[in-house]
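Subject: Handover of a structure and notes on its helices

Dear colleague,

Please find the structure below, together with its sequence. My notes on what was found in it follow.

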Protein chains: 2
Amino acid sequence: MAAKQGKSTRQENFANSKRHVTSYDVARHAGVSQSAVSRCFKPGASVSKKMRQRVMDAVKELGYQPNAIARGLITRRSNMVAVIVSNLNFYPEVVSELSARFTERGVHVLLFTLDHESDVSRTLDQVWQYQVDGVIVAAHLSDEEIQTFRERDVPLVFYNRSYTDLPVSSVSCDQVEGERMLVTLLAQAPETQSFAIISGPRDSVVSMQRTESALSRLRELSVDDITQTFGDYGYKSGRRAVQQIIEERGSVPDAIICANDMMAFGCMDELRFHLELDVPGDVSVVGFDGVRAAGWSSFDLATIQQPVESMTEAAVSMLMDRVDNHDLPPEKRMFSGVLREGSTVRS
Amino acid sequence: MAAKQGKSTRQENFANSKRHVTSYDVARHAGVSQSAVSRCFKPGASVSKKMRQRVMDAVKELGYQPNAIARGLITRRSNMVAVIVSNLNFYPEVVSELSARFTERGVHVLLFTLDHESDVSRTLDQVWQYQVDGVIVAAHLSDEEIQTFRERDVPLVFYNRSYTDLPVSSVSCDQVEGERMLVTLLAQAPETQSFAIISGPRDSVVSMQRTESALSRLRELSVDDITQTFGDYGYKSGRRAVQQIIEERGSVPDAIICANDMMAFGCMDELRFHLELDVPGDVSVVGFDGVRAAGWSSFDLATIQQPVESMTEAAVSMLMDRVDNHDLPPEKRMFSGVLREGSTVRS
């Protein structure tokens with residue numbers, strides 16, 4: 001029935017169907033050349049007031065809608081940006097926020113996800129095929145890969161990655177400061193003497209920064225009982241890492257520092273449900289990121305809350321500023337994370 | 001220092017920079033016309049073997065890379081599809097899987113997210129501006145909106161939505177069957193007599209299907225003690241809904257049926273941490289979807305696991321089949337969910 005209804009409105013809808021109306025139709029209808037029509041849609045092109053009126057009348061009458069991509073070829077703007085993320089499961093909120101903010105500006109998001117950060121160069125080859133106006137990357141790029149952006153004159157902003165020794169734009173959370181706050185919180189309890197660190201993947205720069213900051217702060221505090229292991233940022237790897245730590249040490253440490261929240265959830269579940277230990281009574285646990293589930297009562301995790309709204313807004317406005325003006329110098333913006341004390345650290 | 005290093009490799013990288021090489025450069029280098037070069041990149045166009053060799057040699061020497069969008073204007077294919085999802089937080093795995101599967105096929109994803117399902121018509125106006133080859137929609141469309149896809153001849157596949165009375169393609173999980181399995185599981189315990197249902201947003205078709213299936217199965221089982229309330233599919237709304245249910249009933253029901261997992265997590269946390277009740281000892285809880293966290297020991301939730309891999313593969317191949325052949329008739333594919341018994345239902 002509904003299908004039939006659909007058919008009966010076909011005539012009306014056809015008037016709204018702008019696919020079949022081309023700029024040639026508009027030119028013919030207005031009695032002007034096709035290039036005159038093009039000029040009317042080209043920012044900055046000179047067109048007489050009278051000509052513009054004639055074309056715009058025809059546009060309105062025919063319901064012409066200039067094709068965004070064809071317009072991109074003329075204006076050299078596609079109104080598309082690429083967003084490259086290493087794993088969408090860790091960034092749903094970030095991609096959602098970026099997408100909303102670009103949409104507000106009439107810009108659309110071509111999404112590329114990578115299973116491993118090292119896939120990024122293969123992905124870049126695909127990115128070049130689209131005339132994107134700019135790219136936001138939440139993954140690691142080599143110096144050479146960064147250089148190709150400069151060669152191609154495509155604006156680039158890194159999200160949550162910073163390259164201290166390279167002139168590239170980035171928005172990031174202060175990993176070093178955040179991790180220091182967490183270790184300081186853990187060390188407040190005098191009986192917390194032994195520590196374990198569950199780092200992320202070995203090729204993750206963010207994990208390296210967090211881990212090194214934790215180690216450096218622990219050294220300052222004269223802690224020398226530290227076990228280190230690696231995960232893949234996922235829940236299951238957090239569980240496995242707890243087993244590895246206990247195997248290696250022969251005992252449960254007083255505190256476990258996880259390089260992200262997801263591994264902290266796995267770590268907590270392993271401690272509580274498999275080893276039947278109390279968090280924080282027997283072991284303190286901290287994460288990093290402040291994902292939604294960190295606030296759920298089941299976890300109530302001590303972590304660093306990344307200011308996702310501020311960071312995504314900064315990334316989008318920095319990128320669009322550079323799309324408007326390719327000559328703007330690179331800029332690095334670093335936001336402090338907010339300590340979420342939760343209830344997983346003994347006091 | 002690294003910046004300087006970058007500069008020293010500029011010469012090498014420039015050879016790889018394909019942005020500046022156009023088809024005209026290739027034509028000049030090969031000593032052929034530009035239209036001959038175009039024909040070499042147009043599927044099915046006739047070019048002599050000798051001509052093709054000459055052009056391909058020049059392409060190789062100059063490092064020419066045909067522009068994907070310009071090629072799209074010739075072939076009328078953009079190799080882009082749009083994916084419209086209502087809220088990325090509920091679909092990170094789906095979008096990630098879709099993106100990976102399209103990428104395998106050399107097709108890229110323009111991502112559109114909506115805060116409310118009813119925003120979809122505004123988003124469609126933006127979708128038309130890009131010559132996408134097809135669209136996957138995980139949101140509700142009105143009959144009229146669906147009709148515009150037919151008018152514009154743009155292939156459309158619904159993800160996890162089905163329109164039983166309309167000739168449109170869709171991939172979905174069997175909501176009715178899945179919800180029946182959950183209610184049957186709950187009702188196995190003879191002491192489970194009173195039920196509450198936390199539905200999703202009022203404009204969600206999926207929530208309506210799940211809720212009606214639960215109600216219909218409860219009626220079959222002669223249950224008449226049923227309280228119904230609504231959430232927004234989010235964790236916090238699951239917590240709030242528990243309070244509403246208790247206010248309305250004056251007591252805690254024996255079982256709570258949540259329209260998705262996220263609300264079930266909120267519901268469980270409210271029961272356990274605020275009301276200090278035991279799940280499933282005092283109250284049984286079920287969700288729907290089978291998101292990752294349902295498998296975490298903290299929840300170990302009874303739910304219906306949607307077969308995301310099969311469903312995304314089906315959606316992508318159905319869409320691409322219709323991109324290749326616009327005349328293929330619509331097709332509906334429905335996959336059974338898998339019951340995950342978990343440990344949140346008393347037996």
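Helices (H or I, at least four residues) and strands (E, at least two) are DSSP runs, numbered from the N terminus. This is a predicted model, in which local features need pLDDT of at least 70, side-chain atom pairs count only at pLDDT 80 or more, and totals for chains, interfaces and linings use all residues. Residues are numbered from 1 along each chain as its sequence is written, chains are lettered from A and ligands numbered from 1 in the order in which they are written, and side-chain values use heavy atoms, with hydrogens and water left out.

Chain A as a whole

Chain A contains 14 helices and 12 strands. Of its 347 residues, 54% are buried (under 20% relative accessible area, with a 1.4 Å probe and protein chains only). The accessible surface of chain A (Shrake-Rupley method, 1.4 Å probe) is about 15,200 Å², and carbon and sulfur atoms supply 48% of that surface. Among the contacts (heavy atoms within 4.5 Å) in chain A with a separation of 6 or more, 70% are between residues 24 or more positions apart.

Two packed helices are described by the angle between their axes and the distance between the axes. Axes are lines fitted to C-alpha atoms, for helices over the stretch in contact, and angles run from 0 to 180 degrees between N-to-C directions.

In chain B, helix H3 (residues 23-30) packs against helix H5 (residues 49-62) at about 120°, and their axes are 9 Å apart. H3(B) is therefore oblique to H5(B) (angles under 35 degrees count as roughly parallel, over 145 as roughly antiparallel, 65 to 115 as roughly perpendicular and the rest as oblique). H3(B) contributes B:Asp25, B:Val26, B:His29 and B:Ala30 to the contact, while the residues from H5(B) include B:Arg54 and B:Leu62. The contact residues comprise six nonpolar, one polar and three charged (Ala, Val, Leu, Ile, Met, Phe, Trp, Tyr, Cys and Pro count as nonpolar, Asp, Glu, Lys and Arg as charged, and the others, Gly among them, as polar).

Helix H12 (residues 235-249) of chain B packs with helix H13 (residues 261-274) of chain B at about 50°, with axes 6 Å apart. This angle makes H12(B) oblique to H13(B). Seven nonpolar, five polar and three charged residues form the contact of H12(B) with H13(B).

Helix H9 of chain B

Which residues of helix H9 (residues 143-152) of chain B are buried? They are B:Glu145, B:Ile146, B:Gln147, B:Phe149, B:Glu151 and B:Arg152. Just after H9(B), B:Asp153 adopts a positive phi of about 60°.

Yours sincerely

Technical notes: Buried < 20%, exposed > 50% of the residue type's maximum accessible area, 1.4 Å probe, protein only.
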